Amino acid sequence: MYLYDAIDREFLTDRSNEFRHQVARRLAGELTEDQFKPLRLMNGLYLQLHAYMLRIAIPYGSLNSRQVRRLAWIGRTYDKGYGHFTTRQNLQFHWIKLKDVPDILDAMAEVDLHAIQTSGNCIRNVTADPYAGATAEEIDDPRVWSEVLRQWSTLHPEFSFLPRKFKIAVTGALTDRAAVKTHDIGLFLRKGRDGAIGFEVVAGGGQGRTPYIAQTVRSYLPAEHLLSYVEAILRVYNRHGRRDNIYKARIKILVAALGIEEFTRQVEEEWGKINAERADLPAAELDRIRAAFAQPRFETLPDVSDAFEAARAASPALQRFVRNNVKPHKVPGYAIVEVSLKAIGQTPGDATADQLDVVADLGERYSLDDIRVTHAQNLVLPHVKLDDLPAVHAALEAAGLATANIDLASDIIACPGLDYCALANARAIPIAQDIARKFADPDRAEKVGELKIKISGCINACGHHHVAHIGILGVDKKGEEFYQLSLGGSGAEDASIGKILGPGLSADKVAPAIDALVEAYLHIRTGEERFLDTYRRVGLEPFKEAVYAQAD
Amino acid sequence: MPKLIKLTGDPSGKDFGAEWAEDGFVHVGDDDALPEGDVILSLARFQAEGEILLSNSRRVGVRVEPDQEVEALAYDLPRLSVVALAFPKYRDGRAYTSARLLRERLGFTGQVRAVGDVLQEQAGFMVRCGFDAFEPADGATPEAWTKAAHRFRHVYQRAADHRRVAFEERAV
Amino acid sequence: MKAITANRLIDGEVVFWKGGAWVDGFGDAQLFDEGQDAEVETAVATGKAQPTVVIDVYSIDLTPSDGRWAPVSYRERIRALGPTNEPTHGKQAVGGEVVEALRHADGAARSTGRVDLIRRK
């Protein structure tokens, strides 16, 4: 992973000092809350329902064990002993005090962590495929480019007061595990005709009040021009994005208003005026960053591990774990292990400090000190030897981290919702827990197969409900929590926006409705169809009938 | 005279500072009578009357609002003393783009002044984008301004100030 | 009936106005009845003039419940109690009568019945 040097570290120190100074000015009344708010937001600090929430940046979802241990320590020392992983691969602490934040930032800086630009109208955490560097289906490592963008976007003087937030995602694989097409800018690594590396650049994706799938701005951009091209897009957005209405201020609105052709024309015109030599990264610097992600020293192992096979044969639990949570690795004898933070009945995406310590230990010992966060609020140990899988599984199981439900119905994405968030209209967590309990029987969950359920407590869609196989949006209907279901969304490479199923349901009717949808699916499906496939084949009607007949 | 903070020294180096300066310019509204001396006009008024004023050998500045394209001044820049870029609200970041374009694309070497909701917490960004004069709205002093602009020993991206970027520091 | 709430600047804690001071417990909050709109306004204005003490000062509507008062808004109940997914976190952790009363106030449970018409704040 990218290792900070003295310059990077001095930067974090300066940032931490700056915020300490800004907090002091705020407490002394030298800054109004209105003046202070964007400053604290650009350090990831929100005022939520019960306390401040601190959102810590986990650049492209990548952590080492030292960092994970420090996060556990912060959770214990300054919060209530847990953290919450988000749909942008970041970590949130929900019980933070303003007066502690300068010290927290210092403690984070010691392990090269920060909260820079995890909120605010600026370029946010660049997210990427959590399997980067481990998956065989990679044209190039998206972490290289994510790190390039991270540095370039950090305290960018021109783009720190955009019309609204700006989110970029990068993937190097054909399978999109980073919801790239729902981003303001999405970058798909592609091979050029000459075998060189480049990007398909998409823009204008986004969820929230008006969801859009990103459209292609440029089908092939030579990789060395990434920064100048992104600069062109940002400049067009900074100049022409709407500033009169926060609900119409994202770049997706601009792209939709101009149309992709005109938007592209403006971007290309601006790009033509940029001095690329000055704007793009010199090859030497690119090489330096790329070197940070050089392939680690993998052992030369056989494809098959006898020890693992024996353990697997003897343990149905291990079999189930491998079936659902373990993915193929590009190197023989290794595997990618997903760590589910969706234990039945737990808060989705939460990890206790103790659990974080377990993950840190496992990461250090069994995964080449490499730990990832997925946008589905789970963790990944990307480089586990098959030989070590039984030990890893046992340790995860002991820590409550071995629920074998990745991508199954109980692997629910849920935002913190009205239990924590000042923006929410309804709660998401209890709904997720109710639904998960319906699929507590792992046999049932596996029978149903891949089913991505995502819950947002408000229209801001942090739970990604628009791109869920079954999406659930909490609304406030005359003071009551109601939930609107949608079907057929996808955040993967087959991206689509879900369609609303029907009138909103009261909270107690949601889990039964999911049951009804699943039963309908099991009844209708043919062959190997996932829920999403069946829906795409038969449409809304059979599902609508299943839910609304049942609700009566 | 109105309080103006001006940068001293070269913003690409570590030694630049700021000081109080006499502001020789008067902001003139579109419906105001024109006073004697150096003036800053709106873009519209400049486009109507600027030629005459410049030929009277006054020093002329133009105030550009965030929704106005600074490129409209391209041909006039060599004769302009000041371009004042407005921040109606400090959160409106369009003037940062305008400033960079003035410096890096249009080659403007006169004064680029920040006016409106100009706060010391944004001093660093403004200096990097090419602003060299400021009408502070928050009672900031040149000392506070200098301190704010010097908060970061390193920067990661190129901008109008031509400051050495982190990777250039490493290359040495 | 109304009460006044805010968040404490220094730690973000939910607080309630009580006679010019800010208290942590909803049960200690000063109550303002229908005729006291002017007092409510004054108190809110006072709170807003304390930007280094509290932020986001506003009044909330209350509804009678079992001999006590409870916020009409579900959001305000959560602010007064804590998150529903973790009963040991937040103000509810102290337990006691006030907490129990809030928890079981009409409409406070998962919404299955009608609640009086409200504004969110």
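Q: Before we talk interfaces, what puts two residues in contact here?
A: Two residues are in contact if their C-beta atoms, placed from the backbone, lie within 7 Å. This is a predicted model, where local features need pLDDT of at least 70 and side-chain atom pairs count only at pLDDT 80 or more, while totals for chains, interfaces and linings use all residues. Residues are numbered from 1 along each chain as its sequence is written, and chains are lettered from A and ligands numbered from 1 in the order in which they are written.

Q: OK, how many residues do chains C and A put into their contact?
A: Chain C supplies 29 residues and chain A supplies 28 residues.

Q: Which helix of chain C gives the most there?
A: That's helix α2 (residues 74-81), with four residues; helices are DSSP runs of H or I, at least four residues, numbered from the N terminus.

Q: And what about A with B?
A: There, 30 residues of chain A are in contact with 26 residues of chain B. On the chain A side, α1(A) gives the most, with six residues.

Q: Switching topic, how is chain A divided into domains?
A: Domain 1 is 6-109, domain 2 is 134-292, domain 3 is 306-398 and domain 4 is 416-551. Those bounds come from an automatic or database domain assignment.

Q: How far apart are the C-alpha centres of domains 3 and 4 of chain A?
A: They lie 27 Å apart. The contact takes six residues from domain 3 of chain A and seven residues from domain 4 of chain A.

Q: Last one: what does A:Y483 touch, neighbours within four places in sequence aside?
A: Its contacts include A:A426, A:I431, A:L473 and A:V510.

Definitions and conventions
Helices (H or I, at least four residues) and strands (E, at least two) are DSSP runs, numbered from the N terminus.
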